[in-house]
There are 2 protein chains.
Amino acid sequence: MTNNRSTNSLFSLFNPNSIAVIGASSKQGKVGYEILKNIVEGGFKGGIYPVNPRGGEILSLETYRSVKEIKGEVDLAVIITPAETVPEIIDECGGKGVKAAVVISAGFSESGNLKLEMKLRERVENSGLRVIGPNCAGIVNTSNNLYATMEIRVGKGEIGFITQSGALGGAILAWAKDKGIGMSKFVSYGNAVDVDETDLLEYLGEDQETKTIILYIEGVKNGRRFIEVARKVSMKKPIIAMKGGVTEMGSRAVQSHTGSLAGEGRIYLAAFKQSGLILAEDVHEFFDFSKVLTHCERMRGERVLVLTNSGGPAVMATDKLTELGLSVPEPPQELKSKLDFLPKYYSKRNPVDLTAEATAETYVKVLKTLFSTEFYHAALVICVPPFFLDSVEVAKAISEVRDEVKKPLIACWMSGELVKDAIPILEGKGIPNFPTPSRAAKAIWALYERSKFLARHLKQKTFKNLKGFRP
Amino acid sequence: MTNNRSTNSLFSLFNPNSIAVIGASSKQGKVGYEILKNIVEGGFKGGIYPVNPRGGEILSLETYRSVKEIKGEVDLAVIITPAETVPEIIDECGGKGVKAAVVISAGFSESGNLKLEMKLRERVENSGLRVIGPNCAGIVNTSNNLYATMEIRVGKGEIGFITQSGALGGAILAWAKDKGIGMSKFVSYGNAVDVDETDLLEYLGEDQETKTIILYIEGVKNGRRFIEVARKVSMKKPIIAMKGGVTEMGSRAVQSHTGSLAGEGRIYLAAFKQSGLILAEDVHEFFDFSKVLTHCERMRGERVLVLTNSGGPAVMATDKLTELGLSVPEPPQELKSKLDFLPKYYSKRNPVDLTAEATAETYVKVLKTLFSTEFYHAALVICVPPFFLDSVEVAKAISEVRDEVKKPLIACWMSGELVKDAIPILEGKGIPNFPTPSRAAKAIWALYERSKFLARHLKQKTFKNLKGFRP
């Protein structure tokens with residue numbers, strides 16, 4: 001059974017020395033052309049062997065009539081031939097010693113052709129290959145410029161992305177590229193005749209280039225194994241998951257889509273949460289949460305300081321934080337009394353409001369006073385610059401505090417052209433910025449959820465700083 | 001009392017023939033300079049009279065030592081002088097026959113100076129002027145290029161924006177400008193010694209240039225009057241409101257911010273909803289909802305058709321729609337049988353999934369078949385273009401259906417560079433596009449909420465098309 005194969009054998013899938021593109025086409029607009037083009041233009045450094053019975057040249061590369069004809073070794077086969085030919089091609093690949101394959105071809109169970117999928121599954125099991133797909137959008141490993149996909153070429157980054165929906169995957173890659181966000185790996189696993197979501201989770205859990213994992217999932221094959229692996233991986237790095245098919249109608253839609261049983265949507269969510277998965281509700285949350293979880297320390301409790309120069313956004317943040325189970329408490333009296341240098345009419349109750357008179361200096365002085373003690377577990381600093389306040393200055397000043405106080409510091413600099421130069425300064429210093437107070441609050445929630453999970457599971461032994469944690 | 005003044009008298013506030021800028025400064029970076037500059041550079045066509053005791057010229061305009069010295073008539077005074085001078089200046093303005101004033105100056109109740117605010121309130125009542133502020137960020141009327149504010153100059157549009165928080169207002173203007181969204185009016189009303197949120201709501205309700213109203217509010221002065229006016233205005237045009245201070249901690253933050261009592265946050269929300277206000281939870285929803293409510297017909301019921309070429313996003317949309325109380329039902333059998341021209345393995349259960357094989361033609365054919373009958377009340381069309389599908393072609397094709405079927409048609413073309421040319425085509429045809437299925441679903445919810453409100457309040461007499469509505 002596939003579960004017995006070691007995940008180490010997925011290494012060849014993502015790190016091949018050479019690739020055969022079986023079903024390569026010379027015709028622009030054909031999948032077999034576009035994938036070959038992506039591999040070539042993506043800058044893959046190993047051998048690339050287009051396979052097409054007609055022979056000739058494609059994209060200046062010599063074409064082979066079959067895998068067998070290729071003289072060198074082949075690690076990875078990307079298969080784009082008609083569905084019914086795929087089982088035989090897998091056999092051939094096995095004979096040639098190919099280690100892994102990505103089957104892009106559609107026309108299996110998703111089109112009602114269960115018999116062909118069974119046949120493919122058998123051949124895969126006999127072949128010794130590790131296989132992704134069929135009916136998938138391919139894989140990407142940005143660290144070695146491997147773009148074995150027809151989707152947009154995303155840049156390098158620290159996010160590993162696993163998706164059950166190929167098209168949604170492509171859309172999210174385009175979204176990320178549009179926002180300048182990079183990825184380490186991308187895998188669309190399609191019908192999963194061999195490698196499934198859990199194998200991939202385990203592999204990305206070990207992958208040095210992947211700091212956070214994002215996952216779009218509708219159903220899992222083996223719930224128990226998934227939960228076990230998810231929990232193990234979550235202890236090492238964050239997994240942010242979006243679950244399709246949470247409601248009854250959504251579950252019905254899932255059944256039509258991937259044939260997964262998602263009927264127990266709410267049960268799934270509870271199990272996911274227990275395994276440490278952070279649940280995203282929309283696409284931007286994948287990236288909001290990745291950012292906060294990559295840059296920030298864990299929270300040792302639920303108390304958030306909100307420091308602002310504008311009341312409205314601070315009110316919005318406070319509402320959202322407390323709705324999400326966090327707390328925005330007033331400073332204890334002895335701490336509050338240290339703010340006596342501020343004018344009387346400033347609110348010192350948290351949110352602490354420096355009003356339109358705020359300067360970079362007052363931001364820093366108040367932040368240091370309140371945040372360097374143990375009382376607050378995270379700080380959200382909001383800056384809505386009036387024209388006479390340089391939001392870059394405030395960003396630089398805050399960054400110095402970031403170096404001194406090793407606790408999560410989150411920013412909400414609003415908006416557009418008023419703050420566009422300040423955001424890179426903040427983020428360059430490990431202070432993630434979010435475009436609205438609500439999004440900042442939700443990101444803090446993600447950090448809090450993960451902190452609670454780690455506190456529960458890693459115990460004092462390995463995580464002694466969490467002694468003070470009160471879940 | 002101010003409530004007895006007719007809202008017609010707000011006309012001079014937004015449509016002055018001439019403006020005195022009292023406290024105009026020649027020093028760049030001063031509020032008194034930046035506001036004058038905004039008025040001049042904004043392109044205001046009437047008389048502009050800077051007032052400064054020192055005299056001289058500012059921005060090539062002759063300066064007057066006091067309002068009295070100005071020879072021509074003055075309709076609007078913008079006041080930026082130190083707080084303690086404002087009551088006397090209001091007196092002077094009254095003497096000169098000035099009709100309205102915007103008091104930018106801070107240093108009143110918000111800084112604990114209740115006495116000065118009382119004094120100002122008295123003078124305002126005696127002066128006959130309509131006054132916005134004090135402690136506000138000013139007003140904008142894009143139709144006559146009036147930018148009496150220190151905030152960013154937003155472009156022309158159909159959204160009227162009323163905000164209790166000046167800084168949040170400025171941030172939202174910057175957000176809108178960044179996204180290319182324009183506005184008709186902007187008002188930051190500050191401490192509201194005279195003109196309050198309800199007066200402004202009433203005024204924008206009558207304003208021809210304003211098609212939707214967006215409102216950031218923490219507390220209202222006179223709840224009963226607000227509710228009455230809000231309900232009346234909601235019958236004419238949508239009001240989208242964001243309420244600061246919904247939670248207990250949020251309410252405490254509101255008290256520190258504007259001194260409003262927002263303790264009854266949840267009660268406010270219920271009352272707002274009853275008055276037809278559509279509640280936004282984050283900044284982008286102001287604009288998402290404005291877009292859908294401006295472009296789409298009302299919904300006559302809760303049934304939404306989801307048509308897609310990708311399963312994942314359709315599942316997400318279905319989850320969100322049903323969570324929000326809408327429905328994504330299968331087509332009745334006789335309708336479903338009309339889809340027999342589609343391959344067997346396509347899901348026809350709603351979401352209807354055309355798979356990666358989708359073409360502009362199949363989109364149109366299926367949409368016409370299902371949407372031209374009475375069964376569905378709105379349609380969400382999702383398109384995640386594989387490289388071989390031209391998303392512009394699909395957008396054009398769908399637009400033709402928009403002309404034929406007079407029901408809400410909403411789009412979710414995903415993402416980034418894959419669809420950037422298609423979106424203007426959709427939106428140009430009155431098909432609002434949203435970047436994710438969840439945001440599209442939430443926008444449909446806003447439309448549904450408003451449709452229900454109108455169905456309840458406008459009755460069959462004026463709204464006979466809603467006969468079939470089932471709230």
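How many residues of chain A are in contact with residues of chain B? In this predicted model, local features need pLDDT of at least 70 and side-chain atom pairs count only at pLDDT 80 or more, whereas totals for chains, interfaces and linings use all residues. Residues are numbered from 1 along each chain as its sequence is written, and chains are lettered from A and ligands numbered from 1 in the order in which they are written.

**View 1. The side of chain A that touches chain B.** Contacts join 63 residues of chain A to 63 residues of chain B, two residues being in contact if their C-beta atoms, placed from the backbone, lie within 7 Å. Helix 5 (166–178), helix 8 (248–257) and helix 11 (311–323) of chain A are the elements that give two or more residues to this side; helices (H or I, at least four residues) and strands (E, at least two) are DSSP runs, numbered from the N terminus. Helix 11 of chain A supplies the largest share, 10 residues.

**View 2. The hairpin of strand 8 and strand 9 of chain B.** Strand 8 (residues 138–141) and strand 9 of chain B run antiparallel and are joined by 4 bridges, where two strands pair if DSSP finds at least two bridges between them. Gly138(B) has Thr149(B) of strand 9 as its bridge partner, and among the 4 residues between the strands, Asn145(B) in the turn has a positive phi of about 55°. Strand 9 (residues 146–149) is covered on both faces, with Leu146(B) and Ala148(B) buried on one side and Tyr147(B) and Thr149(B) buried on the other; a residue is buried if 20 or more other C-beta atoms lie within 10 Å of its own, with C-beta atoms placed from the backbone.

**View 3. Packing of helix 6 and helix 7 of chain B.** Helix 6 (residues 197–206) and helix 7 (residues 223–236) of chain B pack at an angle of about 15°, with their axes 9 Å apart; axes are lines fitted to C-alpha atoms, for helices over the stretch in contact, and angles run from 0 to 180 degrees between N-to-C directions. The two helices of chain B are therefore roughly parallel to each other, a term for angles under 35 degrees.

**View 4. An open sheet of 4 strands in chain B.** The strands follow the order 16-15-17-18, with parallel pairing. Strand 16 (352–353) and strand 18 (409–413) of chain B stand at the edges, each with a single partner strand, so one side of each is left without a neighbour in the sheet. Strand 15 (residues 304–308) and strand 17 (residues 378–383) of chain B pair over 4 bridges, and Val306(B) has Leu380(B) as its bridge partner in strand 17.

Notes
Buried ≥ 20, exposed ≤ 12 C-beta atoms within 10 Å, placed from the backbone. Parallel < 35°, antiparallel > 145°, perpendicular 65-115°, else oblique.
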